[in-house]
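Here's a quick briefing to read with the model open beside you. Have a look at the fold before going through the points.

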Amino acid sequence: MAHTIKTHRTAIEARPGLLNWYETTTTLYNQVVAFYVSLYEAHPGLLNLNQQEALRQAERLTHRTRTNPSPLWPLEEAISADIPAMLRRAAINAARGAFQSFHSHYQRWQKNKTNFEAKGKRFHHRPPVPPRTFNFNLPFYQGMFKERTVTSIMVRLYSGTSWQWVKLRLTGEPLPAEWNPGSPIIVRRRGRLRLHTPLEKQFPTPPKALAQVAADPQLRVCSVDLNLGDAVAVCTILQADGTEVVTRFIRGGKNLHARRRRLLGKVARKRRQSGILTEGEADNIKLWQKIRAIDEYEAHRVSQRIVEFAQAHRATILVFEHLGNLKPQKGRYSQRSNEKRAYWLKGKIVKYARYKAWEQGILTSRVNPRNTSRDCSDCGASPVARYAAGEAPLAYRPGGPLYLCPACLKRGNADHNAALNIGFRFFQRAFRQLSESLHAKASGVPVVNPIALQQIAVWQDRRSGSALPSFSLA
Ligand SMILES: [Zn+2]
């Protein structure tokens, strides 16, 4: 089984006093964490035990019970507040993580020091010190929360004198059904409280890409060409027998560029007025937040559409090209920054599409980006002519929306041509690897379907340039 995790976030409605309670509880929790970090400092041997056993020992050293009447380091003497068992356990685990991180830093420092001194050099670096203050978010383990619904949850919070059940009103999406929720935490951001819930999902591990190609002669992939123009993504569903099933253009690039450029123009004007204003400056924080928000929104929107499209057509692999380097542009500040952000956006779309696809059991693969726009997807001739409507198709003009192949006279949308090339490249590579591993009789060669075996030859013909425009297989 494969598994995947994500975080569900929902806003908590503000109400009088809630922030105070939250602060009091978090402060108390972090005091308990600090107490247990000092316990770990006194007993570093606890690190050698596994988490479960260390937890048991830490409780034996600090927690007074009937069967453990005189612990060595009683927690109740250090902190007078009543500490619920689940909060104590959460704190012990958090303290272990914090101490472990310090401990490995310390060991690295010691090793460096010994190495230096062995060579007769003086070692100037100061040793790392154990952390003294903490800022952990309190996880609500079992027993610290109850009665969770779509619109509310009861959590235990500390008022300063006692623990109370507090009802939080939630405004947001319900927890998705097919995911297992973990312990929620409350996070404070810009003065507002949010409830974050880790989610986990198990699903059957999808077979490797090569195994899929070997097994299924009608395997479908969704190849995606990402662009800086209006069609942000051009997606083509391609079958292993060479048929193109359907293509979709995901648009909205022009609109996004215009909005982003307006905002970047504002930043530029502010910079001119006040000398240098950078991303962190207070005046511009709102503007940069807006710019980041529209980019983030767009990356989620486009990646979501890509995955939905692949799913709707039963594609089991997404294929992207590796993103090349950003070529610096000339022009005004807003223009250059806009280009840069559009380029970053491509990376984000790939990243988000990859995890969204994985959640659905869809793999992601990347191919060599070389000449995906210059080659003809039909006959392999290169370069094709790229031009705009009304222009003569004479030469390869980067960014031209249309293409015409001088060899086979095929014409069409240039981004569609690139998307096809990306998909073809995936199949060419997969069938080449398949044929190589069959020749080498290497171990781990997947069982090859007889029809897929015939496809090897066809795809290799394509690679040598003498490609067939369509694949005729019985
Ligand atoms: Zn051609």
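Strands here are DSSP runs of E with at least two residues, helices are runs of H or I with at least four, and both are numbered from the N terminus. Two strands count as paired if DSSP finds at least two bridges between them.

This is a predicted model, where local features need pLDDT of at least 70, side-chain atom pairs count only at pLDDT 80 or more, and totals for chains, interfaces and linings use all residues. Residues are numbered from 1 along each chain as its sequence is written.

**The S9-S10 hairpin**
- Cys-235 has Arg-248 in S10 as its bridge partner.
- Four residues sit between the two strands, and Gly-242 takes a positive phi near 95 degrees in this hairpin.

**The three-stranded sheet**
- An open sheet runs in the order S13-S14-S15, with antiparallel pairing.
- Its edge strands are S13 (385-387) and S15 (411-413), each pairing on one side only.
- On average, neighbouring strands of this sheet are turned by 25 degrees against each other, direction ignored. For such angles, axes are lines fitted to C-alpha atoms (for helices, over the stretch in contact), and values run from 0 to 180 degrees between N-to-C directions.
- S13 pairs with strand S14 (residues 402-404) over three bridges, in the antiparallel sense, and Arg-386 stands opposite Tyr-403 in S14.
- Helix H9 (residues 414-440) packs on the sheet and touches S13, S14 and S15; its direction makes about 90 degrees with that of S15. A contact means that the C-beta atoms of two residues, placed from the backbone, lie within 7 Å.

**Around Ile-456**
- Ile-456 lies in helix H10 (residues 450-463).
- Why is Ile-456 classed as partly exposed? Because 18 other C-beta atoms lie within 10 Å of Ile-456, and the class falls between buried (20 or more) and exposed (12 or fewer), with C-beta atoms placed from the backbone.
- Leaving aside neighbours within four places in sequence, Ile-456 is in contact with Phe-431, Leu-434 and Ser-435.
- The C-alpha atoms of Ile-456 and Gln-428 are separated by 8.5 Å, though the two are 28 residues apart along the chain.

**Domains and confidence**
- The domain assignment (bounds come from an automatic or database source) gives domain 1 (12-168) and domain 2 (209-254 + 294-463).
- Taken over C-alpha atoms, the centres of domain 1 and domain 2 are separated by 49 Å.
- The chain averages a pLDDT (the predictor's confidence in each residue, from 0 to 100) of 86, and 94% of the residues score at least 70.
- Over residues 464-474 the pLDDT is below 50, and this stretch has 16 contacts in the model beyond near neighbours in sequence.
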